[in-house]
Amino acid sequence: MPPDTRRFRQRRLLTAGLAAAALPAARAAEVSLQVLHWWTSPGERRAADVLVARLAEEGIRWRDAAIPGGAGVGAGKVLRSRVLAGDAPEATQMIGATIVEWADTGLLLELDGVARGGQWAQALFPEVLRGVQHRGHVVAAPLGIHRINLLYVNLALFERHRLAVPRQWDDWAAAAQVLQQAGVVPLALSREPWQVTTLLEGLLLASGGPVLYRALFSRLDARAAADPRFAEALARLRLAKAWAGADLTEQPWTRALERLRSGSAAMMVMGDWAKGELMAGGWNPGEHFACVPVPGTAGHHLYSVDTLTFFARDYAQAAAQERMAGALLAPALQAEFNRAKGSVPVRRGLDAAAMDACARESYTLFARGGDALVPSLAHRMATGESNKDAIVAELHRFFVNDALPVAEAQRRLAAVLRVLAPGG
Ligand code: GAL
């Protein structure tokens with residue numbers, strides 16, 4: 001369908017959708033939408049159930065299509081094959097650059113009227129709004145902001161070994177050494193490529209700061225791979241690997257987190273969905289565990305933003321999809337969902353006092369914007385899906401092969417970036 005006709009149809013449907021949204025819940029016809037997502041751990045499930053319950057109050061039934069696999073590695077593949085088979089889900093969890101990639105195909109429903117009606121331009125953080133737009137149109141409904149550069153510490157273990165929560169690399173390395181000598185595994189870590197990348201992202205931000213980070217992972221600048229601060233981050237990744245000891249297997253993030261909780265490992269680096277998971281299990285930040293920035297990254301927010309997008313298909317569900325998109329931004333739903341998820345709301349100007357200390361820091365830092373914000377590579381914020389996969393594969397090759405010199409890994413990544421860089 002030519003874009004103009006499509007726009008016109010979208011506008012007509014939108015009017016119908018907004019009219020329905022304006023009706024009291026009891027009078028709006030019940031609608032039902034299938035939602036593809038990867039929130040399958042107990043904590044994530046609890047957060048998804050908040051959406052299910054709040055949307056049900058608005059007459060919107062959530063039909064669940066959950067695909068297990070941390071960071072949506074499995075869900076992304078299922079989505080692609082379903083779209084190719086002409087069976088796109090009606091709503092889909094999507095992040096960062098993949099939104100743009102899917103919007104480029106012309107298959108995503110535009111949500112401009114919903115955004116106007118809900119005053120998203122005023123209500124959302126500018127970075128969040130930018131992230132859900134494509135060629136001037138809103139194409140996704142943002143749900144929450146995750147912080148990725150976080151270190152979790154089992155406080156009972158740290159007290160037993162009289163250790164302070166580390167803030168800089170040297171304290172971190174010293175604490176790991178003390179733990180290792182006492183026979184405690186310092187770091188819970190999985191060999192899964194996206195989890196290894198999560199750790200490397202934090203280490204690179206600490207060693208090289210946001211400018212080098214962006215040069216490598218957003219601008220794909222091959223020259224940046226030769227930077228000695230990148231070499232330092234790689235060397236530290238190798239040291240951190242040794243902190244995981246014999247426990248280093250390819251396991252879901254929930255299994256690694258369980259080792260932190262049970263006390264069989266003392267620390268873990270992971271996005272704040274891990275905080276949601278720990279809290280769902282009755283563990284409180286500041287009491288049972290510390291949730292602090294990855295040492296050396298305190299002023300920075302390595303972030304990802306979860307969103308839902310809506311495949312337009314034949315527009316038969318457009319009005320229902322618009323109702324769902326609008327409802328997701330309701331302040332009460334935002335507060336409740338993000339509390340359960342471990343993330344923070346996408347709406348600005350909220351009172352952070354009611355949030356836990358970790359969320360408060362995340363929210364305040366995100367509100368600062370500018371250079372404080374650094375897009376996550378592992379979670380598709382820094383660059384698109386296939387670029388991300390190519391970089392992650394190269395980092396993973398270095399991680400699994402202790403015989404590969406750091407300088408050689410730098411050269412190999414530079415070669416990859418040269419191919420991937422725009423016009424490269
Ligand atoms: C991220 C996503 C989070 C969480 C995490 C673990 O990509 O943004 O919501 O689900 O993966 O699977």
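Q: Leaving aside its neighbours within four places in sequence, which residues is leucine 163 in contact with?
A: Heads-up: this is a predicted model, in which local features need pLDDT of at least 70, side-chain atom pairs count only at pLDDT 80 or more, and totals for chains, interfaces and linings use all residues. Numbering starts from 1 along each chain as its sequence is written, and side-chain values use heavy atoms, with hydrogens and water left out. Leucine 163 sits in the loop between α8 (155-160) and α9 (169-181); helices here are DSSP runs of H or I, at least four residues, strands are runs of E, at least two, and both are numbered from the N terminus. With contact meaning heavy atoms within 4.5 Å, its partners are Phe158, Ala175, Val178 and Leu179.

Q: In what order do the four strands of the open sheet run?
A: Strands count as paired if DSSP finds at least two bridges between them. The edge strands, each pairing on one side only, are β8 (185-187) and β10 (289-293). The pairing is mixed, and the order is β8-β9-β7-β10.

Q: Which residue of β10 is the bridge partner of tyrosine 152?
A: Strand β7 (residues 150-154) runs antiparallel to β10 over five bridges. Within that pairing, tyrosine 152 bridges to cysteine 291.

Q: How much of the ligand's exposed area does the protein bury?
A: Polar contacts (N or O pairs within 3.5 Å) include a side-chain atom of aspartate 306 at 2.6 Å from a ligand oxygen and a backbone N or O of alanine 71 at 2.9 Å from a ligand oxygen. Using Shrake-Rupley areas with a 1.4 Å probe, the ligand alone exposes 300 Å², and the buried share is 100%.

Q: Which residues around the ligand are the closest?
A: A residue counts as near if one of its heavy atoms lies within 4 Å. The ligand is surrounded by 13 residues, and the closest are Glu44, Ala71, Asp306, Lys341 and His379.

Conventions
Polar contact = N/O pair within 3.5 Å; in protein donor to acceptor, adjacent residues only side chain to side chain.
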